[in-house]
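This report is a first walk through one protein chain for a reader who has not seen it before. Please keep the sequence and the structure in view while reading.

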Amino acid sequence: MSFGDALRAQDETRRATGIGPTDDERAKTLAEATARELRTTYGTDDVSELAAAVGVTVRHSEWDGVDGLYLFGTYADSVITLYDSQLPHLAERLGITASLAADLVLAHELGHHALDGHEEATPGRPTLRQRLLSWVAGSGHRAFEERAAHWFALELVGDKLPKDARAVLR
Ligand SMILES: [Zn+2]
């Protein structure tokens, strides 16, 4: 599956799960505000520094994917895994360096962490983010989180991307 196909498949998923333009707009607003807040709090837009600052561990894996299905990174329990051997595919598709592709994926996965609302979560008292996420819960929940992580990454790294790459990603 090419990167373009993967993006189109993502669009199909979005339609199938009922994430519409309004939800996407909401995901974008939430994600951009969260990214800006993080950047202001820690005084940097360096994605690796931000990950370290919020206590996220970044691991690298040489796993090379399943038969053409590109998996660039994953996030779970405050650990981001970057699939280094996949990143050149993304870099090539977007016409950017592998290091910028790594930043983009890292920023996306960091978005999953930040949008979980870890920092402010207290037992029995959901954060605004958790309330917003549960508000759109149901079949579209996962798609909403993906869109939010996507916008989060673009807010942090978007300025460093060439115009063509930004167009592909929007
Ligand atoms: Zn994701």
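**Overall layout**

The model is predicted. The protein chain contains eight helices and three strands. Along the sequence these elements come in the order α-α-α-β-β-β-α-α-α-α-α. The protein chain has 170 residues, and 29% of them count as buried. Among contacts with a separation of 6 or more, 63% are made by residues 24 or more positions apart.

**The sheet**

The three strands form an open sheet with mixed pairing, in the order β1-β3-β2. Strands β1 (57-61) and β2 (73-76) are its edges, and each of them pairs on one side only. On average, neighbouring strands of this sheet are turned by 20 degrees against each other, direction ignored. Strands β2 and β3 (residues 79-83) run antiparallel and are joined by four bridges. In β3, Val-79 is the bridge partner of Ala-76.

Helix α5 covers residues 98-115 and lies across β1, β2 and β3, at about 20 degrees to β2. Of the 18 residues in α5, 15 are buried, so the helix is mostly covered by the cut-off of 20 or more other C-beta atoms within 10 Å. How far apart are the end C-alpha atoms of α5? They are 25 Å apart, which agrees with the 26 Å that 18 residues should span at 1.5 Å a residue.

Helix α4 packs against α5 at an angle of about 105 degrees, and their axes are 8 Å apart. Therefore α4 is roughly perpendicular to α5, because angles of 65 to 115 degrees count as roughly perpendicular. On the α4 side the residues that meet α5 are Leu-87, Pro-88, Leu-90, Ala-91 and Leu-94. Their counterparts in α5 are Ala-98, Ala-101, Ala-102 and Val-105.

**The nonpolar core**

The largest nonpolar core has 36 residues, and those with the most contacts inside it are Ala-107, Leu-110, Ala-148 and Phe-152. Two or more residues of this core come from each of α2 (21-42), α3 (47-53), β3, α4 (87-94), α5 and α7 (141-157). Helix α7 gives the most, with 10 residues. Which residues does Ala-148 touch, not counting residues up to four places away in sequence? Ala-148 touches Ala-27, Leu-30, Ala-31, Gly-111 and Leu-115.

**Two single residues**

Glu-145 is found in helix α7, while Ala-167 has its place in helix α8 (residues 163-169). Is Ala-167 buried or exposed? Ala-167 is exposed, because 9 other C-beta atoms lie within 10 Å and a count of 12 or fewer is classed as exposed. Glu-145 has 18 other C-beta atoms within 10 Å and is therefore partly exposed.

Technical notes. Residues are numbered from 1 along each chain as its sequence is written. This is a predicted model: local features need pLDDT of at least 70, side-chain atom pairs count only at pLDDT 80 or more; totals for chains, interfaces and linings use all residues. Two residues are in contact if their C-beta atoms, placed from the backbone, lie within 7 Å. Two strands pair if DSSP finds at least two bridges between them. Axes are lines fitted to C-alpha atoms, for helices over the stretch in contact, and angles run from 0 to 180 degrees between N-to-C directions. The expected span of a helix is 1.5 Å times one less than its number of residues. A nonpolar core is a set of buried Ala, Val, Leu, Ile, Met, Phe, Trp, Tyr and Cys residues joined through C-beta atoms within 7 Å. Angles under 35 degrees count as roughly parallel, over 145 as roughly antiparallel, 65 to 115 as roughly perpendicular and the rest as oblique.
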